[in-house]
Amino acid sequence: MAKGFLQHECSDYTETSSPMAKHQTIRVLLCMALHYHWPLRQLDISNAFLHGNLDEEVYIHQPPGFISSSSPHHVYKLKKALYGLKQAPRAWYSTFSRFFLSQGFINSHCDYSLFIHKTTSDITVLLVYVDDILLTGSNSSHITHLIHQMHSAFAMKELGPFLIF
């Protein structure tokens, strides 16, 4: 884990958060799935922050127990985010959103955690809460295909179908 409290302020140092789903958006998504009898899938991205690519240069000291005996004063330049790094949530969300935008989704302006893919006959709706995902829509084969694509891009677990009673 990076020691985030030792970072130096730079232009994006304060941009640390990843958008999280609003409670109202979660309720609307669940109501839509229930009303239209859409399948509802729940997914969890494993080690989400480690998927985030850093857009800026970040250096860390060698961690205790892993200090090189030949170069004890060298530092590491990070290419990917680490847990504890101030930029990690933003880097993860950026990587995540780029993936879904490349899949034809659009990002909602009302709730940045909501992604929508719409065709003339189908709709797929995805909601992200840090590393947890709710996925639903009118075409179950598109949802299954999307989950396969997600597996190739991210380490993730399917938590099974979401049951609404």
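Reply: A salt bridge is here a side-chain nitrogen of Lys or Arg within 4 Å of a carboxyl oxygen of Asp or Glu. The model is predicted, so local features need pLDDT of at least 70, side-chain atom pairs count only at pLDDT 80 or more, and totals for chains, interfaces and linings use all residues. Residues are numbered from 1 along each chain as its sequence is written, and side-chain values use heavy atoms, with hydrogens and water left out.

The structure holds 2 salt bridges. In one of them, aspartate 44 and lysine 157 meet through their side chains at 3.7 Å, N to O. This pair links distant parts of the chain, since aspartate 44 belongs to strand E1 and lysine 157 to strand E8, 113 residues apart. Strands (E, at least two residues) are DSSP runs, numbered from the N terminus.

Burial is judged by relative accessible area: under 20% is buried, over 50% exposed, and anything in between partly exposed (1.4 Å probe, protein chains only). Aspartate 44 counts as buried at 13%, whereas lysine 157 is partly exposed at 46%.

Glutamate 158 forms a salt bridge with arginine 41, their closest N and O atoms being 2.5 Å apart. Glutamate 158 lies in strand E8 (residues 156-161) and arginine 41 in strand E1 (residues 40-45), so this pair ties together parts that are 117 residues apart in sequence. Glutamate 158 is partly exposed, at 37% relative accessible area, and arginine 41 is also partly exposed, at 21%.

Terms used
Helices (H or I, at least four residues) and strands (E, at least two) are DSSP runs, numbered from the N terminus.
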